[in-house]
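Biologist: Could you walk me through this one slowly? I am still learning how to read these pictures.

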Amino acid sequence: MSAAGQGTDLGELVHYTPEHVEAEGWLPFTARTLRDKASARIFPHSKAGGRITFLLRHIREIAAMYEVRPASERKHRA
């Protein structure tokens, strides 16, 4: 079955450069920081064609890395 037949949104397959992510304001990092943290394997990324790029799922994962949950959601220790 093709990807389209599985209901895949082709927008999820678009590769965004660090410059594009910065210009769109999707993450609070400069293109240089995105590239450096990807090269250091801190941020998830793709290296298609030898260039660092980000899929939407990578951008979501990076944003989630910096999420802080309220103290009221912490599990109580016995």
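This is a predicted model: local features need pLDDT of at least 70, side-chain atom pairs count only at pLDDT 80 or more; totals for chains, interfaces and linings use all residues.

Biologist: Okay, which residues make up the largest nonpolar core?

Modeller: That core has 11 residues, namely Y16, V21, L27, F29, L34, A38, F43, I52, F54, I59 and I62. The elements that give two or more residues to this core are the helices α2, covering 31-39, and α3, covering 56-65. As background, nonpolar side chains in soluble globular proteins tend to be buried together.

Biologist: And what does V21 touch?

Modeller: Leaving aside residues up to four places away in sequence, V21 touches Y16, W26, L27, L34, F54 and I59.

Biologist: Switching topic, how many salt bridges are there?

Modeller: The count comes to 6 salt bridges. In one of them the side chains of E12 and R60 meet, at 3.2 Å from N to O. This pair links distant parts of the chain, with E12 in the segment before α1 (18-24) and R60 in helix α3, 48 residues apart.

Biologist: What about α3, where E61 and R57 both lie?

Modeller: There E61 forms a salt bridge with R57, and their closest N and O atoms are 3.8 Å apart. They are 4 residues apart, about one turn of the helix. Both are partly exposed, E61 with a relative accessible area of 36% and R57 with 46%.

Biologist: Now the rings: how many aromatic pairs does a search of the whole structure find?

Modeller: The search finds 4 aromatic pairs. One of them is Y16 with W26, an edge-to-face pair at 4.9 Å centre to centre, with 85 degrees between the planes. Y16 is in the segment before α1, while W26 is in the loop between α1 and α2. Y16 is buried at 13% relative accessible area, whereas W26 counts as partly exposed at 34%.

Biologist: And which parts does the pair of F43 and Y66 tie together?

Modeller: F43 and Y66 are also edge-to-face, at 6.3 Å centre to centre. F43 lies in the loop between α2 and α3 and Y66 in the segment after α3, so the pair ties together parts 23 residues apart in sequence. Ring pairs also link F29, F43 and Y66 into a cluster.

Notes:
Residues are numbered from 1 along each chain as its sequence is written. Side-chain values use heavy atoms; hydrogens and water are left out. A nonpolar core is a set of buried Ala, Val, Leu, Ile, Met, Phe, Trp, Tyr and Cys residues joined through side-chain atoms within 4.5 Å. Buried means under 20% relative accessible area, exposed over 50%, partly exposed in between (1.4 Å probe, protein chains only). Contact means heavy atoms within 4.5 Å. A salt bridge is a side-chain nitrogen of Lys or Arg within 4 Å of a carboxyl oxygen of Asp or Glu. Rings of Phe, Tyr and Trp (its six-membered ring) pair if their centres lie within 6.5 Å; planes under 30 degrees apart count as stacked, over 60 as edge-to-face and the rest as tilted.
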